Amino acid sequence: MAATMTGEQKGSRPTRSGPLRALFDRFGHLIHEMSKFATVGGIAFLLDFALFNYLTVMQGLEQVTAKTISTVIAATIAFVGNRFWTWRHRQRNNPAREYALFFFFNGVGLGIAVACLAISRYGLGSLWPEVFRTPLADNIASFIVGTGLGTLFRFWSYRRFVFPEAGTPAVPEVTYDRDHGA
């Protein structure tokens, strides 16, 4: 490649510098993880949403029970997606531990979503039932408020506790050969 008068090679892309590039260099890996997490979460969300509405509308199941069932099934799909795609580059030291912690933190996330639904349906619904005891209110409380708050908690807890970054490698044990004097 020939050099131009500015010293750049033809066909090469100029490197960009500045505050945006510095932010991307510093947080690019996090943005990449968040986008994968959002994709897996979006699929799990759609499954959760469809199953919840099927169970409540078509099967007549009580809302909190339906939300619990739909979330457990969606969480199983999310575990597989996050373990084998979002954080596949992270260490895998104990799959049983990962699975247990994932479902523990999903239980907390479920508790957040169910609490939002229960507050809306039974707390606010007792004050204004024609507004807060409707399928629309149930979906807003559960899927917008509850899932939003639960998702923030899940991303933080999965990244921190379930799929942690590999620590520093173990230092090999030093052995001394007694025959060669040391």
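## A ring pair within helix 5

Phe 153 and Trp 156 lie 3 residues apart in helix 5, so about one helical turn separates them. In this predicted model, their ring centres are 6.2 Å apart and their planes meet at 45°, so the pair is tilted.

Phe 153 has a relative accessibility of 22% and therefore counts as partly exposed. Trp 156, at 48% relative accessibility, counts as partly exposed as well.

The model contains 20 aromatic pairs. One of them joins Phe 79 to Phe 163, with 6.3 Å from centre to centre and 35° between the planes, and this pair is tilted. Its two members come from distant parts of the chain, 84 residues apart: Phe 79 belongs to helix 2 (residues 63-86), while Phe 163 sits in the segment after helix 5 (135-162).

Are these two residues buried or exposed? Phe 79 has 9% relative accessibility, so it counts as buried. Phe 163 has 0% relative accessibility and is therefore also counted as buried.

## The ring cluster

Phe 79 and Phe 163 both belong to a cluster linked by ring pairs.

Notes:
Residues are numbered from 1 along each chain as its sequence is written. This is a predicted model: local features need pLDDT of at least 70, side-chain atom pairs count only at pLDDT 80 or more; totals for chains, interfaces and linings use all residues. Side-chain values use heavy atoms; hydrogens and water are left out. Rings of Phe, Tyr and Trp (its six-membered ring) pair if their centres lie within 6.5 Å; planes under 30 degrees apart count as stacked, over 60 as edge-to-face and the rest as tilted. Helices (H or I, at least four residues) and strands (E, at least two) are DSSP runs, numbered from the N terminus. Buried means under 20% relative accessible area, exposed over 50%, partly exposed in between (1.4 Å probe, protein chains only).
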